[in-house]
Amino acid sequence: MNRKQDGFTLVEVIVAITVLAVLVMPILAYFTRASVSTSKGKDIQKAEMAAQSVAEELRSCTTFEQIEDKLAGEPGSTWQVESVGTDESKLARDVTVDGTSYRAKVTLDYDYSAIDESGNPTAAKFNDYEVPQLSEIYSPDNVVISEDTDQSDIAAGNFYYEDTSVDKAAIKAAMDRTLCLDVTKQDDASDFYQIKAYYQYEYNGKEYTAVMKDTKAEADTLSGIYLFYNILRDGEEALKVNFHNIGMEEAKKLKLYFIHQKTASVPNPTAYSLRVTGEGTYMQAEYFTNGVSSSNFSVNDKIVTRKKQKRIANVTVDVYDIDETAFTDENRLVRVQTAKGE
């Protein structure tokens with residue numbers, strides 16, 4: 001007895017394979033695209049992390065000067081700084097995140113629009129302002145001396161206890177005072193100055209000395225001496241400056257600041273002036289006051305320097321592949337924008 005054998009013909013097998021291939025190819029393509037997309041997404045995520053790390057490092061800098069001048073010179077730093085005119089600076093560095101390296105390009109723009117969409121001025125104007133350089137007073141290269149208590153009251157009290165027949169207020173009104181500053185080197189080869197600031201009071205043939213400060217300073221680094229004092233009364237007051245063992249060229253490098261502190265007891269400080277005398281090469285130094293004139297000496301009233309300073313900038317961080325050579329918008333992986341101010 002013959003049995004019919006069931007099975008597929010070759011044509012049927014080929015058709016089945018063809019149909020299966022048509023159905024499987026889109027699925028394979030989907031998984032391929034998903035894999036590529038996931039990989040690219042991770043790469044973009046890493047690039048964003050690289051951009052954020054660069055932005056954070058810039059924000060940690062105190063000043064733009066530190067960013068542009070000091071950052072590239074710090075040990076171990078890979079920053080490269082390129083100034084473009086005066087309104088824009090560009091920086092670059094390599095950044096590695098989870099084993100992947102990127103190239104970060106930074107732009108600091110100080111010349112962004114000074115007018116917003118509503119026509120109102122923006123903060124860009126602050127980049128044009130002159131900023132007082134106050135920190136230079138308390139530089140390690142300066143000596144600062146100030147009158148913490150009213151020495152004139154102490155001097156009047158001293159004279160009063162020696163002669164109680166005269167009212168203390170009358171003594172204070174009649175006594176004379178010389179503001180003294182001694183700058184001394186033990187010898188020409190000494191590495192230190194001995195600096196002494198004091199008042200020399202006189203009343204009825206008697207003297208009283210009130211020392212404000214007696215200190216040392218390195219001769220190689222000393223630049224300025226700031227003396228903050230109280231005015232005794234309107235009129236002319238004597239200022240005596242004594243330089244001992246200080247050569248002429250050395251004296252020219254010293255800046256002396258005599259700054260009166262305005263108090264309620266002085267009704268008209270503008271009527272006050274100084275008469276400068278002294279010993280040694282004291283005339284070679286440069287003298288500064290806060291508006292006080294000198295009857296016999298040249299003084300400068302610009303006691304605080306000012307300079308134009310960059311204070312606010314738009315910060316743009318662009319991240320590219322480490323091997324990228326054409327830094328264009330099309331090749332950029334990530335862009336992060338922020339702002340920085342001093």
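**Close-up views of a predicted model**

**View 1. Residue Q151 in its setting.** Q151 is placed in helix α3, and the model in which it is seen is predicted. Is Q151 buried or exposed? Its relative accessible area is 12%, and a residue counts as buried when this value is under 20%; Q151 is therefore buried. Setting aside residues up to four places away in sequence, Q151 touches Y199, Y201 and A210.

**View 2. Helix α3 and what covers it.** Helix α3 comprises the 12 residues 151-162. At 1.5 Å a residue, this helix should span 16 Å, and its end C-alpha atoms are 17 Å apart, which agrees. The buried residues of α3 are Q151, S152, A155, A156, G157 and F159. An α-helix has 3.6 residues a turn, so residues three or four places apart point the same way. Helix α3 lies across β7 and β8, and it runs at about 145° to β8.

**View 3. The hairpin of β7 and β8.** Strands β7 and β8 pair in the antiparallel sense, and 12 bridges join them. Together they form a hairpin with 2 residues between the strands. In the turn, N204 has a positive phi of about 55°. Y203 stands opposite K206 in β8.

**View 4. The open sheet of mixed pairing.** How many strands form the sheet that contains β8 and β7? The sheet has 6 strands, in the order β8-β7-β6-β10-β12-β14, and it is open, with mixed pairing. Its edge strands are β8 and β14 (293-294), each of which pairs on one side only. Strand β6, residues 176-184, pairs with β7 in the antiparallel sense over 9 bridges. Within this pair, L181 stands opposite A197 in β7. Strands of a sheet pair through backbone hydrogen bonds, either parallel or antiparallel.

**View 5. The open sheet of parallel pairing.** Another view shows 4 strands that form an open sheet in the order β5-β9-β11-β13, with parallel pairing. The edge strands here are β5 (142-146) and β13 (286-289), and each pairs on one side only. On average, neighbouring strands of this sheet are turned by 15° against each other, direction ignored. Strand β11, residues 255-261, is joined to β13 by 4 bridges, and the two run parallel. L256 stands opposite Y287 in β13.

**View 6. Residue V95 and its contacts.** V95 lies in strand β2, which covers residues 88-97. The relative accessible area of V95 is 9%, so V95 is buried. Which residues is V95 in contact with, leaving aside its neighbours within four places in sequence? They are A50, S53, V54, T100, S101, Y102 and A104. V95 and V319 are 224 residues apart in sequence, yet 9.1 Å apart in space, C-alpha to C-alpha.

**View 7. The whole chain, for orientation.** The chain contains 5 helices and 17 strands. Of its 342 residues, 33% count as buried. The chain exposes about 20600 Å², of which carbon and sulfur atoms supply 50%. Among contacts between residues at least 6 apart in sequence, 63% join residues at least 24 apart.

How values were computed. Residues numbered from 1 in each chain as written. Predicted model: local features only at pLDDT ≥ 70, side-chain atom pairs only at ≥ 80, totals over all residues. Heavy atoms only, no water. Expected span 1.5 Å × (residues − 1). Buried < 20%, exposed > 50% of the residue type's maximum accessible area, 1.4 Å probe, protein only. Contact = heavy atoms within 4.5 Å. Areas by Shrake-Rupley, 256 points an atom, 1.4 Å probe, with all protein chains shown as cover. Pairing = 2+ DSSP bridges. Axes fitted to C-alpha atoms, helices over the stretch in contact; angles between N-to-C directions.
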